[in-house]
Amino acid sequence: MSLFRDDGVVLRAQKLGEADRIITLLTRHHGKVRAVARGVRKTKSKFGARLEPFSHVDVQFFSRNSELIGRGLPLCTQVETIAPYGGSIVTDYGRYTAGTAMLETAERFAENEGQPAVQQYLLLVGGLRTLAAGLHESHLVLDAFLLRSLAVNGYGATFDNCAKCGMEGPNRFFSLQAGGVLCPDCRVPGCAVPSPETLVLLGALLSGDWQTADACEPRYWREGSGLVAAYLQWHLERGIRSMRYVEK
């Protein structure tokens, strides 16, 4: 029997029995963790409200094994709130749908329970913090999070230099299979030809240039979001269900 302590973001919560829940978290040191929180659906629960999606928490787990991830689900025995991002996110439809897509994407990229995914965890915490602050359009925050999540998981896209030969940009032909833009010599059938402004926007979102991203016109936001969604689906091999509800 062992106790483990970690901080994490609540990805989702499922009902279990009459009063319990199974909580899925993305943690700093243990990656994705599923744990049982007993009695949290009772009105007198001490920490039920702290285990809602979007919450950034410090949590203590009790496991009957020597490892956190073993033959049974650990128990959440203590929870302290680090940042209640959900309070600001759930009151706005655009933020809520974008945030839900971020949680689902993070869980998909951290599929193996117990395997650390520190960069993905830090991206999620930073993305939710930015989304809750409301400093940028919610769909731009989402697209930036998706592009950076792809990058830290080995699927980084290029929006300037050629993804095949490295020819300096700007280049116009975007290929999902190639991992970004291609020059005329490397162009393959089926390439999209987005506007130059859209490629500048996507490059800005990937690099964190919010001044350029915020100044971009809405028509380029929409085109860029379509490319990001297609690129994400290509690498995950199936789409993110909550993306269909994201407000554009």
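These legends describe close-up views of a predicted model.

**View 1. Helices α4 and α7 pack against each other.**
Helix α4 covers residues 138–155, and helix α7 covers residues 218–236. Two packed helices are described by the angle between their axes and the distance between the axes. Here the angle is about 30°, and the axes lie 10 Å apart. The crossing of α4 and α7 is left-handed.

**View 2. Residues of α4 and α7 form the contact.**
From α4 come H139, L140, D143, L146, L147, L150 and Y155. Helix α7 contributes W221, S225, V228, Y231, L232 and H235. Sorted by class, the contact of α4 with α7 has nine nonpolar residues, three polar ones and one charged one.

**View 3. A salt bridge joins E52 and R21.**
The structure holds eight salt bridges. In the one between the side chains of E52 and R21, the N to O distance is 2.9 Å. E52 sits in the loop between β3 (31–37) and β4 (55–63), while R21 belongs to strand β2 (residues 20–27), so the pair ties together parts that are 31 residues apart in sequence. E52 has a relative accessible area of 32% and is partly exposed. R21 is buried, at 19%. That value falls under the 20% cut-off for a buried residue.

**View 4. A salt bridge joins R241 and E104.**
The side chains of R241 and E104 meet at 3.9 Å, N to O. E104 counts as buried, at 17% relative accessibility.

**View 5. E217 forms a salt bridge with R219.**
The closest N and O atoms of E217 and R219 are 3.0 Å apart. E217 counts as partly exposed, with 40% relative accessibility. R219 also counts as partly exposed, with 49% relative accessibility.

**View 6. R12, K32 and E107 belong to one network.**
Which salt-bridge feature joins R12, K32 and E107? Their salt bridges share partners, and this links the three residues into one network.

Conventions:
Residues are numbered from 1 along each chain as its sequence is written. This is a predicted model: local features need pLDDT of at least 70, side-chain atom pairs count only at pLDDT 80 or more; totals for chains, interfaces and linings use all residues. Side-chain values use heavy atoms; hydrogens and water are left out. Axes are lines fitted to C-alpha atoms, for helices over the stretch in contact, and angles run from 0 to 180 degrees between N-to-C directions. Helices (H or I, at least four residues) and strands (E, at least two) are DSSP runs, numbered from the N terminus. A crossing is left-handed if the near helix is turned anticlockwise from the far one by less than a right angle, and right-handed if clockwise. Contact means heavy atoms within 4.5 Å. Ala, Val, Leu, Ile, Met, Phe, Trp, Tyr, Cys and Pro count as nonpolar, Asp, Glu, Lys and Arg as charged, and the others, Gly among them, as polar. A salt bridge is a side-chain nitrogen of Lys or Arg within 4 Å of a carboxyl oxygen of Asp or Glu. Buried means under 20% relative accessible area, exposed over 50%, partly exposed in between (1.4 Å probe, protein chains only).
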